[in-house]
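Colleague: I have a model open and would like to learn how to read it. Can we go through it feature by feature?

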Amino acid sequence: MYLEIYNRSEKTPPSKELQEIFNRGILFEKNVRNSLFQVGVNVKEKVQDFSYFNSFTIYLLGLPEQKVIFEATIIEDLVFVMCDILVQNEDNTNDIYEIKSSTNINDAILADLSVQYAICKKRFQTNLKSFNLVLRKDTADFGFEIINLTEDLDKKIDTVNDKINEFKRVLKDSEPQITMGEHCQKPYECEFKTYCTKNIKN
Ligand code: SF4
């Protein structure tokens, strides 16, 4: 996280194989969107300039009609999250869908969703009706299943808020000196491995 914010140029671009995995994920996400909601406004495609994603989302949410927003962008407590699909219903309640091209829930997915949920809850409060995970089914036809995780994620809010405060303290300090190890590979290979490897003090 520290390097992502202060030293992003040190990231290693994804390998061809990794890029192919990303591309499959993007295709799966597109397929889920088309299957669930044929019509929606895609914030990323409409605005393009990253710095306006949040304000454009606020603008869309303020429009009176029922709406479906793709890549809805929420900033609360200085934390930025993007929701794959956000549906604002006629009664002003919201349903959120996060799409993962994985066939099962793992710790990385749960950690990601916990932060997204806590930030969305801060924004929508009691109007956040459901927070759903869309997982790929291991079939050739791009099948998927929807799991409502609202209750589970709600129990993690306090833990997430503690983490957010801890991360803010880390970001105010100098670069943390962390020994390389298993965490550099799991759940994914870290994009800063080259940077950290060349900075190991012998
Ligand atoms: S390579 Fe390892 S130590 Fe370096 S930033 Fe990534 S996870 Fe942290």
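Colleague: Where is the place of F50?

Modeller: F50 sits in the loop between α3 and α4. Helices (H or I, at least four residues) and strands (E, at least two) are DSSP runs, numbered from the N terminus. Residues are numbered from 1 along each chain as its sequence is written. This is a predicted model: local features need pLDDT of at least 70, side-chain atom pairs count only at pLDDT 80 or more, and totals for chains, interfaces and linings use all residues.

Colleague: Is F50 buried or exposed?

Modeller: Count C-beta atoms, placed from the backbone. A residue is buried if 20 or more others lie within 10 Å of its own, exposed if 12 or fewer, and partly exposed in between. F50 is exposed, because 10 other C-beta atoms lie within 10 Å. F50 and T73 are 23 residues apart in sequence, and their C-alpha atoms are 9.7 Å apart in space.

Colleague: In which sense does β4 pair with β3, and in which with β5?

Modeller: β3 and β4 pair in the antiparallel sense over four bridges. V87 has D95 in β4 as its bridge partner, and Q88 stands opposite N94. β3 and β4 form a hairpin with five residues between them. N92, in the turn, has a positive phi of about 75°. β4 and β5 pair in the parallel sense over seven bridges. There, E98 has L133 in β5 as its bridge partner.

Colleague: How many residues of β4 are buried?

Modeller: Six of its seven residues are buried, and β4 is mostly covered.

Colleague: Which residues touch the most other members of the largest nonpolar core?

Modeller: In soluble globular proteins, nonpolar side chains tend to be buried together. A nonpolar core is a set of buried Ala, Val, Leu, Ile, Met, Phe, Trp, Tyr and Cys residues joined through C-beta atoms within 7 Å. Of the 28 residues in the largest core here, C83, I85, L86, I96 and C120 touch the most other members. At least two residues each come from β2 (67-76), β3 (79-88), β4 (94-100), α5 (107-124) and β5 (128-136). α5 gives the most, with six residues. Take L86: leaving out residues up to four places away in sequence, it touches I69, A72, N94 and I96.

Colleague: Why does E71 count as buried?

Modeller: E71 is buried because 21 other C-beta atoms lie within 10 Å. Its place is in strand β2. Not counting residues up to four places away in sequence, E71 touches N42, V43, K44, M82 and D84.

Colleague: Last one. Which residues surround the ligand?

Modeller: Here a residue is near a molecule if its C-beta atom, placed from the backbone, lies within 6 Å of it. The ligand is surrounded by L3, I178, M180, H183, C184, C190, F192, K193 and C196. This shell divides into seven nonpolar residues, one polar and one charged. Ala, Val, Leu, Ile, Met, Phe, Trp, Tyr, Cys and Pro count as nonpolar, Asp, Glu, Lys and Arg as charged, and the others, Gly among them, as polar.

Definitions and conventions
Contact = placed C-beta atoms within 7 Å. Pairing = 2+ DSSP bridges.
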